[in-house]
2 protein chains.
Amino acid sequence: MLNPADPAFLSALEGQLAPGTLRAPEPRDLEEPRGRWQGRAGAVALPRTVAEVAVIVRTCAAARVGIVPMGGGTGLVGGQIMADGPLPLILSLERMAGLRGIWPQENAMTVEAGMVLAVAHDHAAGVGRIFPLTLASEGSARIGGLLSTNAGGVNVLRYGNARDLVLGIEAVLPDGSIFNGLKRLRKDNTGYDLRHLLIGAEGTLGIITAASLRLFPAPASTATALLDVADPATALRLLDLANTHAAGLISAFELIHRQGLDFLSETLPNVAQPFRPQGDWMVLLELALPAGLGGAEAVMAGVLEAAFEAGLARDGAVAASDSQRKAIWTLRESIPLANRKVGAISSHDISLPLSAIPDFIPRANTLLAAMGDFRVNCFGHLGDGNLHYNVFPARGRTKADYLNQRETVKDTVHDLVHQMGGSVSAEHGIGRLKVGDLVRYGDPAKLAAMRAIKAALDPLGILNPGAVISAA
Amino acid sequence: MLNPADPAFLSALEGQLAPGTLRAPEPRDLEEPRGRWQGRAGAVALPRTVAEVAVIVRTCAAARVGIVPMGGGTGLVGGQIMADGPLPLILSLERMAGLRGIWPQENAMTVEAGMVLAVAHDHAAGVGRIFPLTLASEGSARIGGLLSTNAGGVNVLRYGNARDLVLGIEAVLPDGSIFNGLKRLRKDNTGYDLRHLLIGAEGTLGIITAASLRLFPAPASTATALLDVADPATALRLLDLANTHAAGLISAFELIHRQGLDFLSETLPNVAQPFRPQGDWMVLLELALPAGLGGAEAVMAGVLEAAFEAGLARDGAVAASDSQRKAIWTLRESIPLANRKVGAISSHDISLPLSAIPDFIPRANTLLAAMGDFRVNCFGHLGDGNLHYNVFPARGRTKADYLNQRETVKDTVHDLVHQMGGSVSAEHGIGRLKVGDLVRYGDPAKLAAMRAIKAALDPLGILNPGAVISAA
């Protein structure tokens, strides 16, 4: 059983830290983007060094006080918010945001966990490289949180998930010991891969304090197109065709549904829409090439010519300038914002085996149609099999009208995903929102192993209590 | 304390299995390629299904009998050989070698752990795809062993280590439960990544019985060159140049030392050598392109023109035919065979941050030269920072003459590697050979976490006893 971070504990902790390391919680520390939970905390700790993080964790362990690690606070599943239980300490790494080193020839840099993703991008760009992790919240999300949640985003198809971009990590373990694992090695088979265990553990097994990240040469030319495709099956054939032409150089393959365009027209009419698809679906295809292969435009032209010839695309717009490219991406990236303005009844961050997607979408639609009057906006990272299948009120109604159906809608979608071999959390993680889903859909042997690992590494249960796995 | 797999135990086990599942050990079960250890075992179990593997593991757990998992037996660190302690059961997956499914459009296939790597290559090729894991022992090594050791090989630069090629695994955990984790998903953030924990654990945390593997489109054209470079620093500048031209399409960047060519001349004179470098070093560079980018030869020509102009290469041979390409690869892949004929005093499978390599090699050479008269053949996967720094007797002497220096040579090399931020086991793993190295060079917090995880998942210590981590 945990103890609260009460004034006596905080006063004792304060005595061990540099002045100003603790402060009272502010509203921003206790909120999360979807407004589902209201957090509580005794204080916010803002350490400046890994040694201070270790002191904080050791002191919390000795007093059995829970710690909620805080990155940029952009997580969508409540991993950063503890709404009940004994008052925890929030541990924010925002003051540990430095660049420890950058090695362009190695395509590597070592950064502290509090660095904001957009700042990491800037450091890479400064030496002619890219750090490819890219997602809507990159102006706020911090490296530690992005790794702890194994963030995805739009570049996974080409560069992998967050875990695939990490050469090494430094972390404070639940007993306050420091794991010095920042080696910048591409190959290192010396024992269990603690790095991959901590990445994606959402702060329940350790506090990531720094990471050595993989960089990549910046592409020399980029071509971006928006294409009208008949349906998701056709989109997958288009992906296959694009792979034949340019496997390894496709940096995005995003699926967009007409519903998303309608939401944009309704809520964000200033966002330009190059054309309306004949049917329901569009694909955003982007190629990015290094310097020795000619321009990306020529390769894109080859892909499109073959696609039109094979009947895989019916219309399209290729960006002819950087501003046109940005406009296409603004369209894609404004869809989540439009969704928020409309107000979803239930949002689903799912993934499926690629070949199951053409079946999944109509089956899910049919199940929902039998339950009531909904609008579905299904879009996402088709190249990774990752869809955001989000369910909205019928026109003229609001999500409040559907409150009693919300759980049923969610279960209907997740049950079907599970039945078709998919995942009910593709990129957002489990946090506190999906703890029950993990129990419901997770493999029992895996769950038992997870509990055993949690109990072995964090026997007191002080790290992010209640996140990912429920108390036994 | 474990019990031996004695006749009474084996007879009880046999009663629970299909007839013919157990057999007496044969010499091939008890040997390893470098002949350092002689194995012992009560019997070899050859299950046909994951359910049979679970029965075997449960029965061994109940009787506290150790299990040594066996793949193709090609490991170089003794992970497959238990030379002392209570007689174990060898668990070979060679009868579980089936293809469970292949999905070309998904670029995925699911195979059983006993499948030989070359057979996996054939299945992929049958649908116009590649499974890129490639190494010298591919005719014998099996998928289960390759994943359990997180094998490397020549394609890591482009496609990653074995772990990076795995979408999901099925495994039997130490309590006999079955982890059904074969989902073919590119994104799945539902709890701790048990897949990455079992991959590279060398059979100490579970028995991998099947895996869903990533496939890639087969490249449409390939260009291979052998280049004379002044030194490793120049080779790294050449890699940077090649990345500028063709990042993402470089499938091999191998460093070769003149000593390897001399060993080939001595021991395998039939292996063709296209030219002799002016100095000590050569690079094998290979590019492989999809169909929409023009031919690889033209891109290679661009790289070489720029390399000659920048003074990064002094001479070179580009394969003009498939047989010339094969000849270049035969040269590269015959070097380990020549090494074995010469007989190494001590071989070191190391990795370093790329930028440390130009310093490391002369420093190691200098340290060794002060210790005696040696020949060093340093070669390997430079693009990954992975070198095989192997130390041989002076001409006219044999490794037997150096027996009393072997440990000192190894420690000298490994100490320097460690000091320069490297790894003393880049791709071969820990096995039983490097258990002491892991304790000596491993991060203490990581070692403690490894022990805690091992104790949590395998409290009886029945899985591969003595491998990776020593008893506490």
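Which residues are buried in helix α3 of chain B? In this predicted model, local features need pLDDT of at least 70 and side-chain atom pairs count only at pLDDT 80 or more, whereas totals for chains, interfaces and linings use all residues. Residues are numbered from 1 along each chain as its sequence is written, chains are lettered from A and ligands numbered from 1 in the order in which they are written, and side-chain values use heavy atoms, with hydrogens and water left out.

Helix α3 of chain B spans residues 117-125, and its buried residues are B:Leu117, B:Ala120, B:His121 and B:Ala124. Here, buried means under 20% relative accessible area, exposed over 50%, and partly exposed in between (1.4 Å probe, protein chains only). Helices (H or I, at least four residues) and strands (E, at least two) are DSSP runs, numbered from the N terminus. Seen down the axis of α3(B), the buried residues fall within an arc of 105°, so they line one face of the helix; the arc is that of the directions from the helix axis to the C-beta atoms. An α-helix has 3.6 residues a turn, so residues three or four places apart point the same way. The buried residues of α3(B) pack against β5 (99-103), β6 (108-112), β7 (129-130) and α4 (143-148) of chain B.

Next comes the interface. Chain B has 84 residues in contact (heavy atoms within 4.5 Å) with 84 residues of chain A. The area buried between the two chains is about 6700 Å², of which carbon and sulfur atoms give 58%; buried area is the accessible area (1.4 Å probe) that two parts lose on being put together, summed over both. B:Lys187, B:Asn189 and B:Tyr192 supply 17% of the area that chain B buries against chain A, more than any other three residues.

B:Lys187 also forms a salt bridge with A:Asp384, the closest N and O atoms being 3.6 Å apart. A salt bridge is a side-chain nitrogen of Lys or Arg within 4 Å of a carboxyl oxygen of Asp or Glu, and the rule finds eight across the interface of chain B and chain A. The elements of chain B that give two or more residues to the side touching chain A are β9 (178-181), α6 (194-198), α7 (232-246) and α14 (444-457). The largest share, nine residues, comes from α14(B).

Finally, two backbone angles deserve a look. B:Glu202, in the loop between α6 and β10 (207-214) of chain B, has a positive phi of about 55° although it is not a glycine. At 7% relative accessibility, B:Glu202 counts as buried.
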